[in-house]
Amino acid sequence: METTTDTHCPYCSLQCGMRLATAAGVGTTVVERPEFPVNRGALCGKGQSAAALLDRTSRLTTPLVRERGTLRAASWDEALDRVARGFSAIRSEHGADAVGVFGGGGLTNEKAYQLGKFARVALGTANIDYNGRFCMSSAAAANRIAFGLDRGLPFPLEDIPRTDCLILVGGNPADTMPPALRYFRELRENGGTLIVVDPRRTRTAELADIHLQPLPGSDLALALGLLHLLIADGLVDHEFVDTRTAGFGPARAAAMAHWPERVERLTGIAASQLRLVARHFGQATSGMVLTARGPEQQSKGTDTVGAWINVCLASGKAGRLYSGYGCLTGQGNGQGGREHGQKADQLPGYRSIEDPSAREHVARVWGVDPETLPRTGRSAYELLDSLGDPGPDGVRGLLLMGSNPVVSAPNATHVTNRLRSLDLLVVSDLVLSETAQLADVVLPSAQWAEETGTMTNLEGRVILRQRAVDAPEGVRGDLWLLRELAERLGVKRGFDDDPETVFEELRRASAGGQADYAGISYDRIRAEDGVFWPCPTEDHPGTPRLFLDTFATPDGRARFAPVTHRPAAEEPDAAYPVYLTTGRVLSQYQSGAQTRRVGALNASAPGPFVELHPLLARQLAIAEGDALAVTSRRGRAVAPARITDTIRPDTVFMPFHWPGAGRANTLTNPALDPTSKMPEFKLCAVRVEAAAPTATAKPDEEPHA
């Protein structure tokens with residue numbers, strides 16, 4: 001007999017609907033779910049092969065503890081007792097903040113909420129953050145500055161085909177979220193104009209009416225140049241600016257210093273193309289700007305996104321139907337993960353941890369004194385950089401859940417060595433990831449189809465993943481793990497392991513906050529194919545479209561950002577004359593801890609590569625497939641050359657899914673955006689040359705100063 005379960009894909013922020021069919025003797029297979037509105041049944045290769053993740057041969061099925069340098073199997077009691085003793089000893093000797101927590105953007109809302117509560121109540125530490133800081137934090141910061149509220153998209157995906165002109169900056173959904181590409185195709189079929197900004201001619205860029213191929217790191221100058229032209233050409237919507245915005249004067253003054261010829265020099269985009277794009281967008285009846293990691297993963301990412309929001313505001317394309325700024329969130333729960341307490345500065349409901357009323361409200365739900373709640377802790381990279389520091393502010397112990405920073409963090413060699421220097425590293429994961437291999441204690445976790453929980457997709461739609469199969473024997477859920485650890489740390493109540501019970505508490509904790517889930521229940525999600533937040537009461541319909549009447553600022557007006565161009569933290573020079581940019585490929589996902597274990601996906605994308613232009617290849621005497629060494633001030637990576645004219649001649653590209661000698665994040669720059677604390681993943685200066693046939697430096701060896 002076959003059973004089917006409605007659920008969602010385990011990968012990106014679309015959270016595509018799917019069904020899992022399970023039959024005795026056959027196993028579990030993925031079945032289309034055409035009635036779910038986001039993907040309408042369509043699935044990419046990762047979604048289609050998702051059932052392969054349930055293969056138990058690559059799974060962790062028992063806790064592991066390190067003994068004499070080697071990980072060995074242990075009972076749950078032995079492993080949890082060791083964790084509790086270790087964290088207690090560190091707290092006793094060095095203080096509560098000497099224990100850190102690092103979460104993940106793939107955790108369910110229930111896990112993210114409970115992890116934040118565990119850090120602040122059971123451990124008493126301020127030092128919790130998550131890998132979503134590396135994903136959407138610059139867009140989130142700019143959203144909050146401009147609109148007073150951060151939700152990836154302020155409108156549903158179904159609005160995209162109905163807009164007249166869309167500018168997509170630094171995103172490649174053809175590879176990163178393929179089922180979403182139909183919305184962009186439908187936009188063009190409906191007569192709309194699609195403009196793509198990307199240093200590479202990606203499959204998404206090939207779909208565009210206009211493709212701008214700027215110098216990496218010049219997105220801020222490009223947006224300023226477009227605002228200059230909107231002003232100079234009389235395309236500003238002054239009625240909208242006067243009645244629904246504030247701060248246009250300083251933004252206008254900054255933009256006027258970025259005339260087309262100057263912007264051409266800064267970006268490499270011809271002034272004639274700039275004028276064409278400004279005219280298309282400014283004259284359109286409706287329009288959208290969507291950004292992704294390209295402009296966001298920069299040390300000026302918040303300002304860059306703010307400049308693109310300025311383009312929307314000046315032209316009156318925000319707070320109106322089929323218009324606005326949006327961010328293409330990356331990770332599966334990148335949106336929900338930043339709303340309910342995983343970030344260092346936040347409490348559930350997207351509340352500030354420094355706000356006395358927010359502290360009072362959440363403390364009341366948690367049954368604790370608000371004075372006992374920690375204050376703001378370190379951001380993600382700052383937390384990783386502090387690991388093992390023998391000084392008074394160093395983090396000596398770390399609980400890491402659902403993340404693999406050995407592969408995914410910037411300056412990854414340094415981060416790996418910081419992880420090695422900890423007194424106690426505890427990793428909860430479903431496989432023995434590269435980070436788990438360094439751990440003192442590894443805890444096997446249930447995944448995706450083995451447990452129930454909510455996610456929040458890039459639209460702000462709260463959806464429900466439902467358990468379809470049992471976890472392997474010996475595997476436990478993270479909610480159970482947190483309850484058991486809390487009890488061993490002396491907190492006997494408040495950590496339930498039933499996901500729906502945890503979600504009911506999350507509803508109360510988020511009530512009245514910006515990300516208000518109070519009116520959302522499991523039953524409503526099942527009945528309505530998801531509910532958009534904010535949804536403050538059970539009879540509220542949810543909010544698919546934000547800002548149509550007012551913005552979420554104190555006076556209801558959107559704010560212009562008075563920003564100006566500045567160079568990247570690291571520009572090419574004589575020693576490192578080429579730009580490196582990084583990104584994803586179609587058949588892999590994030591650090592690859594899941595997808596590299598799926599045969600069909602690995603066959604399609606088996607390893608790292610360096611993409612370079614034929615002109616650069618000729619200059620270096622490089623042929624297709626030759627081993628190419630890419631060196632930055634932080635380290636060296638080696639991978640085969642892939643020669644293509646789709647990239648700029650002054651730029652090379654590497655995907656970041658692999659560990660080892662070809663690890664792209666060995667090279668990347670941890671320079672931080674001062675507002676969002678986003679590292680500058682998207683560009684750094686490198687030297688490119690044929691790799692010597694001799695052995696290369698090990699990935700965990702840092703270059704000498």
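## Pairing of β1 and β2

His-8 lies opposite Gly-17, a residue of β2. The strand β2 comprises residues 17-23, and its pairing with β1 is antiparallel, extending over seven bridges. The coordinates discussed here belong to a predicted model.

Strands of a sheet pair through backbone hydrogen bonds, in either a parallel or an antiparallel arrangement. In this model, three strands form an open sheet in the order β1-β2-β3, and the pairing is antiparallel. The edge positions are taken by β1 (2-8) and β3 (27-32); each has a single partner strand, so one side of each is left without a neighbour in the sheet. From one strand to the next, the twist averages 30°.

Zero disulfides are found when the whole structure is searched. For Cys-135, the closest cysteine sulfur is that of Cys-327, at a distance of 7.3 Å. A disulfide requires two cysteine sulfur atoms within 2.5 Å, and the separation of Cys-135 from Cys-327 is therefore too far for a bond. Cys-684 likewise takes part in no disulfide; its nearest cysteine sulfur belongs to Cys-135 and is 19 Å away.

Solvent accessibility was also computed for two of these residues. Cys-135 has a relative accessible area of 7% and is buried. Cys-684, with 1% relative accessibility, is likewise counted as buried. Both assignments follow because buried denotes a relative accessible area under 20%.

Note on methods:
Residues are numbered from 1 along each chain as its sequence is written. This is a predicted model: local features need pLDDT of at least 70, side-chain atom pairs count only at pLDDT 80 or more; totals for chains, interfaces and linings use all residues. Side-chain values use heavy atoms; hydrogens and water are left out. Two strands pair if DSSP finds at least two bridges between them. Helices (H or I, at least four residues) and strands (E, at least two) are DSSP runs, numbered from the N terminus. Axes are lines fitted to C-alpha atoms, for helices over the stretch in contact, and angles run from 0 to 180 degrees between N-to-C directions. Buried means under 20% relative accessible area, exposed over 50%, partly exposed in between (1.4 Å probe, protein chains only).
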